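Please look through the structure below.

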Amino acid sequence: MHEGTLSEYRTQLREELPADADLDDIRFEGPELVVYTSTPDVFARDDRLVGRLASTLQKRLTIRPTADARSTRSEAETIIRNALPEDAGLRDIEFHPETGEVLIEAEKPGLVIGRGGETKRQIASEAGWTVEVVRTPPMESDTVANVRNYLTRERADRREFLQRVGESIHTGSSDPEWVRISTLGCCREVGRASFVLSTANTRILIDCGDKPGAEGEVPYLQAPEAMPLTDIDAVVLTHAHLDHSALLPILFKYGYDGPIYLTEPTRDLMGLLQLDYLDVASKQGRSPPYDSLMVREALKRTIPVEYGDVTDIAPDVKLTLHNAGHILGSASAHFHVGDGFHNVVFSGDIHYTDTRLFNGADNDFPRSETLVMESTYGRRGDYSTDQEDAERKLVDIIGETLDGDGTVVIPAFAVGRSQEMLLVLADAMRTGDLPTVPVYLDGMIREATAIHTAYPEYLRDGLRERILYEDENPFLADQFQHVDGGSDQRQEIADGEPAIVLSTSGMVTGGPIFSWLDLLGTDPANTLVFVGYQAEGTMGRRIQQGRRDVRLPRYDGGESRVTLELQVEDVSGFSGHADRQGLENYVRTMSDRPERVLCVHGDETATNQFSSALYEEFGMATYQPRNLETFRCD
């Protein structure tokens, strides 16, 4: 079947290629069809040729030159340097002879690519190398650098891996007889998101997270629908938050050796958050369920997918990721099963409207018979404050605290809410609505912010323009200071002038927020402000509901008992989740409204009330499944 398919593609390519284009070999590498040619200049000269071929073949297509078609490295480097304008900010040129690719890193990649891709095509045509362009992050990011370097070192192994995945994708039947969804977590609860989408030929795992505030409650990977893990065909990760990604490395610990499909920023954030997950567990004296080697194994098997690209991930399943508006790189996953047999959408976590950081969720799916829908804020009264009102309230609270010589502590997720806070604070200080005071970033917030600046194309349109073209990167404001001196620096800050502290963790379940509550919690002049969702069972939820006597774990293994006397405020409107109205609007405005909806990722009240609302308003079949249920969709 595999060789026959390659033979068919080879025949089609020869029919479509110009007469002066040579076709030396073709191979599958993951979802892509890789074409090896001794005439790469023919493809480089015609900027539309690859697009036409990909459309005709309905495949993602990569062109690679054969070794004899490439200039030497020194010749290619001279061509590159002569072609680029000085203000491109060239940082590095890296050659990969095993694939015929040259990676060009520059501060302004648009100038490397050129108008309409002209400069990139010129380099490829003259040098004979396939040109890949990456942006130098405006903020130095250890994570981005480490991931890029690691994947570069593992390029040979990845190539073998991708060829194996490619053969698997293009071998077997594409005519499914049925489609089922099995729930391994995240049902009538928030956390441990995990599902299996299966056909007679294929099993795909969607997400594999932990449950905040509930150590030991993990997805039901031992269920027959998931076992053996070695037989899972693919994993799709909707976004990097730990309640969706934390336990993915366990799969590799127990023998899974397949691909993880995700967006590129999700890949980097996943590595950052999983390594921090291990670090926090170690500092709290817990035994983590896997080690850093498994994190690297997971990273090595990632296959990045851009929004909107239709990607074969199994013989009978195509995947398309759409912007979910939740955090950097977050996605709703659309699965096209068979030749129009059935279409399933996993919403992931969504934010329906635009925020300062992101464009709102994209729900323009060509078809969607079944929707697996988050319901975090699905209760009847779950309506968020308007964002402008929320920002005004936050600024007022901070202003009052600073006027009273107090310090504001904001527990925030390192990814998403922290960057939203930074934008609000930078703007308020720029306009004079707040005095310019130090804003201390504790935990992973600075590193997560650097990753955001590495992927401005995933940010909201106006913000992207500011970072890329106007040299107005708001994340580089002088008042933002990273806390890297440990307990001594925290004590210094607590004893110093009024300030603002953004600290992980957002639900007060671990990390430096415990130290800040210990240092600042007994002074009524200070204020603790919640700006994100606090899950049931977390200390954040208990404090939010009025608990003031708390036990705070210390990194030395001890414990502090603190009676909180600081002010506690709750500002809605900054959550990365859509509120009840946003969830309803997401379904209401879908271009192809689904026939059935499974309401998940919400507590029992939220999933029940949201499920009932969708049935009453749209007349569709709705369910609030429990964990370990299976639904036949077709």
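The largest cavity has a volume of about 90 Å³. Among the 16 residues that line it, Phe 195, Asp 207, His 244, Gly 348 and Val 600 are the closest to its centre. A cavity here is a set of points, on a 1 Å grid over the protein atoms alone, where a 1.4 Å probe fits but cannot get out, and lining residues have an atom within 4 Å of a point. Grid points are joined across faces, edges and corners, and the volume is the space filled by probe spheres set on the points. The structure holds one cavity of 30 Å³ or more. Rolling a probe the size of a water molecule over the atoms shows where empty space is left.

This is a predicted model, in which local features need pLDDT of at least 70 and side-chain atom pairs count only at pLDDT 80 or more, while totals for chains, interfaces and linings use all residues. Residues are numbered from 1 along each chain as its sequence is written, and side-chain values use heavy atoms, with hydrogens and water left out.

The lining of the largest cavity consists of eight nonpolar, five polar and three charged residues. In this division Ala, Val, Leu, Ile, Met, Phe, Trp, Tyr, Cys and Pro count as nonpolar, Asp, Glu, Lys and Arg as charged, and the others, Gly among them, as polar. Strand β17 (residues 370-374) gives the most to this lining, with three residues. Helices (H or I, at least four residues) and strands (E, at least two) are DSSP runs, numbered from the N terminus.

Charged pairs come next. Side chains of opposite charge can pair when their charged atoms come close. A salt bridge is counted where a side-chain nitrogen of Lys or Arg is within 4 Å of a carboxyl oxygen of Asp or Glu, and a search of the whole structure finds 42 of them.

One joins Arg 159 to Glu 29, with the closest N and O atoms 3.6 Å apart. Arg 159 belongs to helix α8 (residues 155-169) and Glu 29 to strand β1 (residues 25-29), so the pair ties together parts that are 130 residues apart in sequence. Are these two residues buried or exposed? Arg 159 is buried, with a relative accessible area of 18%, and Glu 29 is buried at 4%. Buried means under 20% relative accessible area, exposed over 50%, and partly exposed in between (1.4 Å probe, protein chains only).

Another salt bridge is formed by Arg 188 and Glu 604, whose closest N and O atoms are 3.1 Å apart. This pair links distant parts of the chain, 416 residues apart: Arg 188 is in the loop between β7 (179-185) and β8 (194-199), and Glu 604 is in helix α21 (residues 604-618). Arg 188 is partly exposed at 21%, and Glu 604 is partly exposed at 43%. Asp 603 sits in the loop between β26 (596-600) and α21 and is buried at 19%. Leaving out residues up to four places away in sequence, Asp 603 touches Arg 188, Glu 189, Val 190 and Arg 379; contact means heavy atoms within 4.5 Å.

Arg 301 and Asp 257 also meet in a salt bridge, at 2.5 Å from N to O. Arg 301 lies in the loop between α12 (292-300) and β12 (302-304), and Asp 257 in the loop between α10 (248-253) and β11 (260-262), so the pair ties together parts that are 44 residues apart in sequence. Arg 301 is buried at 11%, whereas Asp 257 is partly exposed at 31%. Salt bridges that share partners join Glu 154, Asp 157, Arg 164, Asp 257, Glu 297, Lys 300 and Arg 301 into one network.

Now turn to a strand. In a regular strand the side chains alternate between the two faces of the sheet. From strand β9 (residues 203-206), Arg 203 and Leu 205 point one way and Ile 204 and Ile 206 the other, and all are buried. Strands β8 and β9 run antiparallel and are joined by four bridges; two strands pair if DSSP finds at least two bridges between them. Strand β9 runs parallel to strand β10 (residues 234-236), with three bridges between them.

Helix α15 (residues 445-454) is mostly covered, with nine of its 10 residues buried. The cover over these buried residues includes β6 (130-135), α7 (142-153), α11 (264-283), α14 (417-431), β19 (439-442) and β21.

Definitions and conventions:
1 Å grid on protein atoms, 1.4 Å probe; cavity = no way out; pocket = protein on both sides within 12 Å on 5 of 7 lines; lining within 4 Å.
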